[in-house]
Amino acid sequence: MAVRETIGFILGNIDIPLLVVAFIVTIVKLRRAEARHEIVSFAYTLWGEVLFYCIGLGFVYVWYFHAFLSSFTAPLIGWQPSPFEWELAWAELGIAAVAILGLWRGFEMRLAATLAISIFLFGAAAQHIHLMITAHNYAPGNSGFTLWFADIAMPLFLLLLAVGSRDAYERTTRHARI
């Protein structure tokens, strides 16, 4: 694969490198905590990093494309450019802000970000599937990787991390109340 195609693939599927970064940062944080003899939760740490990188930074990335490059972005989804792209962009930026704050603001903020993004992405998945069935829209931004990874697997993964983090959160808050 040529350099141009490789860069195009990475930029077109930004979720993959951002997820890799989230895992790397999680491993670094866990090793540092282990060296300091701190007990940290893998699920909770990874949850914050995935929200920060994949949702926070990832949605800032897609915000830019929907807000300022809609003539490029809309056809990738199988749409015509419209004012809807501008509205979608600002919803994405709001979700990004909540996800980014979740890294520092604790369990409840991460849960709020996870619920908001999950509802948004599952709704997008339903719409993409509907368009595939009714309009035969198999554009790259409507089906394939976007549908299965970004719109279905990512929110499921975030929800699993939230459930996996619950026990660590409850142990921490129980000790804080004593």
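Here is the chat about this model.

Tutor: One note before we start: this is a predicted model, where local features need pLDDT of at least 70, side-chain atom pairs count only at pLDDT 80 or more, and totals for chains, interfaces and linings use all residues. Residues are numbered from 1 along each chain as its sequence is written, and side-chain values use heavy atoms, with hydrogens and water left out.

Student: Great. Which residues of helix 2 are buried?
Tutor: Asp15, Leu18, Leu19, Ala22, Val25, Thr26, Leu30 and Ala33. Buried means under 20% relative accessible area, exposed over 50%, and partly exposed in between, with a 1.4 Å probe and protein chains only. Helices are DSSP runs of H or I of at least four residues, numbered from the N terminus.

Student: Where do they sit around the axis of helix 2?
Tutor: They lie on the same side of helix 2, because they cover an arc of only 135 degrees around the axis; the arc is that of the directions from the helix axis to the C-beta atoms. On the other side, Arg31, Arg32 and Ala35 are exposed.

Student: And what follows helix 2?
Tutor: His37, with a positive phi near 60 degrees.

Student: New topic: which residues touch the most other members of the largest nonpolar core?
Tutor: Trp47, Val50, Leu51, Ile55, Phe59, Ile117 and Leu158, out of 27 residues in that core. Such a core is a set of buried Ala, Val, Leu, Ile, Met, Phe, Trp, Tyr and Cys residues joined through side-chain atoms within 4.5 Å.

Student: Which element supplies the largest share of this core?
Tutor: Helix 3, with ten residues.

Student: What about the largest pocket, how much space lies in it?
Tutor: About 970 Å³. A pocket here is an open set of points on a 1 Å grid over the protein atoms alone, where a 1.4 Å probe fits, with protein on both sides within 12 Å along at least five of seven lines; lining residues have an atom within 4 Å of a point. The volume is the space filled by probe spheres set on the points, which are joined across faces, edges and corners.

Student: Which lining residues lie nearest its centre?
Tutor: Val62, His66, Ile77, Gly141 and Thr146, among 36 residues in the lining. Helix 3 gives the largest share of that lining, eight residues.

Student: Last one: is Ala96 buried or exposed?
Tutor: Ala96 is buried, at a relative accessible area of 1%, and its place is in helix 5. The C-alpha atoms of Ala96 and Tyr53 are separated by 9.4 Å, although these residues are 43 residues apart along the chain.

Terms used:
Helix = DSSP H or I, 4+ residues; strand = E, 2+ residues; numbered from the N terminus.
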